[in-house]
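Thanks for coming, everyone. I have one structure to walk you through today. Here it is.

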Amino acid sequence: MRLLRVLVVLAVFSSAAFVALNVTPTGAAEYTWNTYPTNGYKIYLSPSSQGNQGCNGYVEKFGARDIGYEAAAGYGNDLVARGYFVKLGSISSSINSRMLESETWNARMHIAIHTNAGSTACNSNRVASNAGTWTIYEPSSSSNATKALAEHMRYYVAGASPGTNDIACRHNTSCTTYISEMYTDVPYVAYYEMEFHDWPTGVSFIRSATWQWRIGWAVDRWFGYPPNMY
Ligand SMILES: [Zn+2]
């Protein structure tokens with residue numbers, strides 16, 4: 001029992017040393033939070049690097065980055081407060097470099113953060129019933145981005161978004177084209193479209209710093225509230 005405890009502590013220290021020696025191998029990370037005390041789990045947040053514009057001057061990559069900051073270390077019970085190591089990818093980097101960074105860092109979960117509607121600026125047909133929070137899953141049984149995970153991540157976040165068409169949708173179908181990031185090689189891969197940025201109500205929601213703690217809640221629930229290790 002005592003030996004096991006020592007081994008666990010050593011394992012944690014060596015993984016912490018690994019982080020220190022391998023800071024941003026691709027130069028992609030915007031910020032890294034080395035949280036103490038920690039539960040030992042690493043969460044990689046991968047914000048969209050797309051310049052899609054929405055209503056009221058909204059630009060997707062800046063919105064996604066700000067969601068990431070809030071989810072990591074913002075208002076409320078964010079990921080850092082919950083004891084996770086967190087890395088936020090850079091919006092100046094490519095999807096490939098963020099995937100590689102997440103894998104090299106040995107993230108436990110990779111979470112892509114986008115807002116929906118592509119380059120549609122402001123769409124008068126967007127209303128609550130056709131807006132909402134979407135998550136994406138990959139149907140293959142060998143995928144790290146399972147439907148179960150997508151449904152879970154949707155459930156804990158979507159209750160806050162003003163749109164009511166909150167869904168987990170299958171990758172590479174009518175809801176989304178091919179996304180290479182679905183195949184990030186870490187144990188769990190989640191992909192969010194956090195509301196639509198082509199209606200003012202959606203943009204107001206995306207920009208408000210009141211709901212991003214739910215990402216930490218979802219992660220906690222998925223991993224069973226991992227206890228602090230030291
Ligand atoms: Zn996007």
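Among contacts in the protein between residues at least 6 apart in sequence, what percentage join residues at least 24 apart? The figure is 81%. Keep in mind that this is a predicted model.

Now the overall layout. The protein has six helices and seven strands. Along the sequence, the order runs α-β-β-α-β-α-β-β-α-β-β-α-α. The protein has 230 residues, and 45% of them count as buried.

Find residues 42–47 on your screen. How many of the six residues of β2 are buried? Six of the six are, so the strand is largely enclosed by the rest of the structure.

Look at the side each residue takes. Lys42, Tyr44 and Ser46 point one way from β2. Ile43, Leu45 and Pro47 point the other way. Both sets are buried.

Next, how does the chain get from β2 to strand β3? It passes through helix α2, residues 60–73, and this β-α-β crossover is right-handed. Strand β3 covers residues 85–89. It pairs with β2 in the parallel sense, over four bridges.

Over to you for comments.

Key. Residues numbered from 1 in each chain as written. Predicted model: local features only at pLDDT ≥ 70, side-chain atom pairs only at ≥ 80, totals over all residues. Helix = DSSP H or I, 4+ residues; strand = E, 2+ residues; numbered from the N terminus. Buried ≥ 20, exposed ≤ 12 C-beta atoms within 10 Å, placed from the backbone. Contact = placed C-beta atoms within 7 Å. Pairing = 2+ DSSP bridges. Right-handed = clockwise from strand over helix to strand, strands pointing away.
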